[in-house]
Amino acid sequence: MELTENYFERLPKEEKQVNEIVRPSMTFWQDAWRRLRKNRMAMIGMYVLIAIILIAIFGPIISPYTYSDQTLTMANQPPSSAHPFGMDNLGRDLMTRVFFGARISLSIGFIVAACTLVIGVLYGGISGYVGGTVDNIMMRIVDILYIIPSTLYVILLMLVIGPGFNSVIIALGATSWLSMARQVRGQVLSLKEQEFVLAAKALGADSRRILLRHLIPNSLGPIIVVATMQIPSAIFNEAFLSFIGLGVSAPEASWGVLCNDALPALRTAPHELFFPALAITITMLAFSFFGDGLRDALDPKMRK
Amino acid sequence: MTKYILQRVIAMILTMIVVITVTFILMHAIPGGPFASEKNLPPQIKANIEAKYGLNKPLYQQYFDYWAGLLKGDLGPSYKYPGRTVNDLIGDGFPISAELGSYAILVMLLIGIPAGIISALRQYHWQDNVVMVFATLGVAVPGFVLATLLIYVFSSQLGILPAARWLSWQHKIMPTIALSAYNVSFIARLTRSSMLDVMSQDYIRTARAKGLSEAAVVIKHALKNSLIPIVTVLGPLIAAVLTGSFVIEKIFAIPGLGRQFVDSVSNRDYTTIMGVTIFYGAFLVIMNLIVDIVYVFIDPRIKLAD
């Protein structure tokens with residue numbers, strides 16, 4: 001049978017467009033943002049986090065009270081219209097202290113996560129990229145450090161460098177990069193065998209360039225997820241340290257310090273524990289929803 | 001298998017050497033020395049105290065002396081409790097902490113695993129939602145907050161349970177809940193996702209196609225495989241219970257090792273801090289070894305290259 005022209009029919013333009021299956025081209029980040037935006041819980045988490053960050057920045061400025069001014073006659077007063085969160089054991093406005101605590105707790109969370117990011121990415125990146133004996137030794141060190149909970153090292157370090165804001169950051173930053181290093185190493189190990197790395201090598205790129213321009217940007221998704229999860233865990237750990245008396249020093253107060261200060265008067269003034277504890281819990285929830293959403297958005301294969 | 005265990009034991013010894021050395025260096029790097037806080041000691045008495053504890057010797061000598069003691073199982077004297085050794089303190093505190101820790105781990109497994117399974121089997125139904133709400137909250141509330149809330153509600157307000165100490169079974173309820181809550185949630189989430197994973201496997205479809213009842217599919221085919229990830233987190237779980245006990249034992253005034261450790265941190269009792277850290281290290285290392293060996297036996301997919 002011979003196919004002649006009259007077997008075929010020209011499609012009108014509109015019908016042609018209907019049959020085309022095209023999706024607007026998107027970068028990885030646009031795609032991830034689209035997925036994240038569709039996740040309602042993650043978006044709520046994100047807005048709550050933005051709100052908390054804004055409160056941490058502007059709350060203490062707007063508040064008519066300061067975090068350290070004491071009115072001893074008003075000590076342990078329950079919430080009132082003038083002091084919505086009540087007063088603490090030294091007669092300081094608790095709302096201002098919780099807002100100020102947000103500054104300290106969040107700064108610790110973000111700075112520690114940044115330390116984790118830098119140390120973990122470099123350590124894991126080098127270990128995975130160089131490979132062989134170097135990788136073996138570097139990872140055995142991580143394995144050894146991994147068995148002992150970082151809390152123990154943190155306590156020992158805090159004893160050596162003394163309490164305070166900077167000490168908390170140093171101690172937590174120095175001990176929390178292990179899982180990041182493992183994650184990055186795993187990523188780099190699997191990525192470095194791929195063709196685009198070979199192509200870069202063939203074009204004459206040196207190791208530094210391959211590591212910084214090709215391997216690390218390509219493993220950025222999981223790295224960001226691990227770093228995001230690191231923030232709440234740093235806030236948690238700081239609260240724990242403050243709770244055993246090794247955190248930031250007075251009159252500055254993180255949420256953990258506020259919880260600890262509330263304990264002696266728990267029976268008569270439970271509001272002193274309630275508000276900082278609520279702040280921690282809301283922040284943890286927001287981070288956990290946002291972090292889960294981010295993981296699903298950046299790593300759709302992981303999705304369950 | 002023997003080769004694997006041998007390798008692990010060598011790694012374990014290496015870990016302990018690192019832990020001991022790092023702990024020793026850190027404890028001796030603390031500015032001021034252990035008796036700096038004792039006010040206005042006459043120099044002669046200070047020298048006598050330092051001679052008694054061997055602190056006047058050069059550092060490397062102290063290090064070797066400490067090792068010599070360790071190899072005999074002697075963790076040295078406590079600086080703050082005269083006449084007591086670190087071994088005494090551990091001997092008093094550890095059994096209590098071990099009891100509390102065992103309860104906590106039992107609760108984690110006995111509540112977390114069934115909750116996770118129910119949640120996975122009834123995915124998107126109300127049972128799943130209830131479990132997930134609790135699992136999410138459990139991870140968001142710090143242990144010390146939960147502990148104080150429990151005390152406030154059940155002791156201060158309702159007066160049902162005793163707020164502190166470690167005597168009758170009533171004393172053990174709240175500490176166990178506070179210590180296990182976080183990881184109950186963790187285990188429930190882990191079991192849920194692992195169960196969902198297993199339930200979507202082909203062999204489950206095969207089992208269903210054979211006409212097996214849903215109960216038989218779940219119990220005989222899904223359950224065993226979905227519990228393997230739980231075994232891998234047992235090591236970190238024990239570590240979490242151990243560090244969690246620091247705060248929980250302090251809040252509930254339980255005379256366990258965790259509280260002993262926190263007290264020695266606030267008292268700057270350096271030998272006790274050092275001894276307990278090393279004891280914790282050894283304990284965790286051994287637990288990890290046991291878990292790893294058990295894991296090899298449980299998961300048939302792991303073939304060791306012997």
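User: In this predicted model, is D296(A) buried or exposed?

Analyst: A residue counts as buried when its relative accessible area is under 20%. D296(A) has a relative accessible area of 16%, so the residue is buried.

User: Which residue forms a salt bridge with D296(A)?

Analyst: Side chains of opposite charge can pair when their charged atoms come close. Here the partner is R295(A), with the closest N and O atoms 4.0 Å apart. R295(A) is partly exposed, at a relative accessible area of 29%.

User: How many salt bridges are there over all chains, and which parts of chain B does the pair of E99(B) and K172(B) link?

Analyst: The count over all chains is twelve. E99(B) and K172(B) meet through their side chains at 2.8 Å, N to O. This pair links helix 4 (residues 86–121) of chain B, which holds E99(B), to helix 7 (residues 169–199) of chain B, which holds K172(B); the two residues are 73 residues apart. In chain B there is also a salt bridge of 2.9 Å, N to O, between D128(B) and R192(B). Both D128(B) and R192(B) are buried.

User: What is the nearest side chain of opposite charge to E249(B)?

Analyst: Side chains of opposite charge can pair when their charged atoms come close. For E249(B), the nearest such side chain is that of R259(B), 7.3 Å away, and E249(B) is buried without a salt bridge. The side chain of E249(B) does make a polar contact of 2.8 Å with that of S97(B).

Key: Residues are numbered from 1 along each chain as its sequence is written. Chains are lettered from A and ligands numbered from 1 in the order in which they are written. This is a predicted model: local features need pLDDT of at least 70, side-chain atom pairs count only at pLDDT 80 or more; totals for chains, interfaces and linings use all residues. Side-chain values use heavy atoms; hydrogens and water are left out. Buried means under 20% relative accessible area, exposed over 50%, partly exposed in between (1.4 Å probe, protein chains only). Lys and Arg count as positive and Asp and Glu as negative; His and the chain ends are not counted. A polar contact is a pair of N or O atoms within 3.5 Å; within protein, one must be able to donate a hydrogen and the other to accept it, and residues adjacent in sequence count only if both atoms are side-chain atoms. Helices (H or I, at least four residues) and strands (E, at least two) are DSSP runs, numbered from the N terminus.
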